[in-house]
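Subject: Structure handover

Hello,

Please find the structure below, with notes on what was found in it.

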Amino acid sequence: MNRIWSNFKKYRFLLVELVKKDIKLKYRRSYLGILWTLLEPLLTTAVLTLVFGNLLGKGGRTFPVYILTGRLLYTFFSGSTKAAMKSIRKNSGMIKKVYVPKYIYPFSTVLSNYVIFLISLVVLFGAAIVFDIKPTWHIFQSIIPLFLLLVLALGAGMILSTLAVFFRDLEYLWSVALMLVMYTCAIFYHVEDLKLGSRVWIFNFNPLYLIILNFRNAVFGKPMDMEALMISGAFSFASLLFGIIFFYKQQDKFIMNI
Amino acid sequence: MKKEVLRVENVGMKFNLMEKKVDDLKDYVIKFLKRELRYQEFWALRDISFTLNEGDRLGILGLNGAGKSTLLKIIAGVLKATEGDISIKGKIVPLLELGAGFDKQYTGAENIYLYGAVLGYSKDFIREKYDEIVEFSELGDFIDVPVKNYSSGMRARLGFSIATIVEPEILILDEVLSVGDAKFRKKSEKKIKSMFDKGVTVLFVSHSIEQVRRLCDRAILLEKGRLVASGSVKEVSRIYEEKINS
């Protein structure tokens, strides 16, 4: 344990450098730069509002903000886990030649996505002002679901990056799984509007939905849903713990497979 | 009595080779159902033991596929041995594949920090040595140009300059460095020589017996993953020559 910690400290600077590199290179190539991060969720939210709000006549005045909260959190989760899944293969050149703790690749990938995600929350702030949502003290609760989101993404990233070393076609499977996650995240509908009753079992098995639920509660000034918090918290930390153990057990075999 | 810096004990490295490479889930399931998942075990190294004291310069001889690179990778920490133990005292600098950790879209200056971090140096240390690295690499204004526009010589020069900025206890060399042009080669050889004079421990892999004789004082000979000879460079290289000629 002590050795792992001192190793982590030694390579902390590398972790920072890799996160910086991801972010820098992402914006160096595009003309709109960081603006794109802000524009993209706004545009998709406009589309979703048009389809589900206006055409289907659902929602209400603050529906765009409701969609935006779900969209932002889901996009981070899907983007970071997909990128983390490829991280070991992408860095195979380095892994084969120099010793670096390997977990640093999925970790730095998720972290750089998280930084970009936090920046994109500015959009939500703007939208909340436009649609006249007054922040209450409940907004401070948002730190908890945001933290759980990071833990969940790190855990899923570790598991996926390990599996993807051995199975290249996992990418396609994960895309399908993400589709299920997306539709059960209630991004563009209210769960209460479903005909099946208030909360169907499947929502309780989607930790991302439960995280989004509590994030929305914070934004819309409602108290935290404790049951959702417990389940999503347990899910997130269990996936991180399992991910780390799984990764450590398999990492010595990586080199022969990449 | 000189200090022991490297101890390799009964090291073995086993690879599981599939008859046909299976690296996706679809193939895996099909092969599993048809019961065609067969692994072939293959020992790239077996029962390797030796120790190095401070200042020893060890040449590793062997034909292609004898396990030389595998052994170096295990010592450098890139591969983990299947069995056996390795204990190292001090900082290892592997001068293998210089610039492997570079990001091509990054400039030379940015890569100094990135590659330095890969080698486990701290930020302050790199900042302190930054000018020295740039000066030694002779890149001048090119340091602010993305590495993808570098020639291979320039890349290797930068890699060499970053890797040798520390004073290592153990230096791993794969073939003698042929870095950059004649002038830079002279400079890099001088730098390595000065490390030799300070008593650095060296692990050196080469096909050239002549180079090994010139640089090393001890040698080991590997054959099909086993240690077949160990001793002074004279003796071992003589055995190796006999094996080649027979």
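This is a predicted model: local features need pLDDT of at least 70, side-chain atom pairs count only at pLDDT 80 or more; totals for chains, interfaces and linings use all residues.

Residues are numbered from 1 along each chain as its sequence is written, chains are lettered from A and ligands numbered from 1 in the order in which they are written, and side-chain values use heavy atoms, with hydrogens and water left out.

Helices (H or I, at least four residues) and strands (E, at least two) are DSSP runs, numbered from the N terminus. Axes are lines fitted to C-alpha atoms, for helices over the stretch in contact, and angles run from 0 to 180 degrees between N-to-C directions.

Between the chains, helix H2 (residues 12-28) of chain A packs with helix H3 (residues 108-118) of chain B at an angle of about 145°, their axes being 9 Å apart. H2(A) and H3(B) cross in a left-handed way (the near helix is turned anticlockwise from the far one by less than a right angle; clockwise would be right-handed). The contact of H2(A) with H3(B) has seven nonpolar, no polar and five charged residues. Here Ala, Val, Leu, Ile, Met, Phe, Trp, Tyr, Cys and Pro count as nonpolar, Asp, Glu, Lys and Arg as charged, and the others, Gly among them, as polar.

In chain A, the axes of helix H4 (residues 63-90) and helix H8 (residues 170-183) come within 11 Å and cross at roughly 165°. H4(A) is therefore roughly antiparallel to H8(A) (angles over 145 degrees count as roughly antiparallel, under 35 as roughly parallel, 65 to 115 as roughly perpendicular and the rest as oblique). The crossing of H4(A) and H8(A) is right-handed. Their contact divides into eight nonpolar, three polar and three charged residues.

In chain B, helix H5 (residues 152-163) and helix H6 (residues 182-197) pack at about 20°, with axes 12 Å apart, and are therefore roughly parallel to each other.

Helix H6 (residues 104-130) of chain A has 27 residues and spans 40 Å from its first C-alpha to its last, close to the 39 Å expected (1.5 Å times one less than the number of residues). Just after H6(A), A:Asp132 takes a positive phi of about 60°.

Over all chains there are 19 salt bridges (a side-chain nitrogen of Lys or Arg within 4 Å of a carboxyl oxygen of Asp or Glu). One of them joins B:Arg218 and B:Asp56, whose closest N and O atoms are 3.1 Å apart.

Regards
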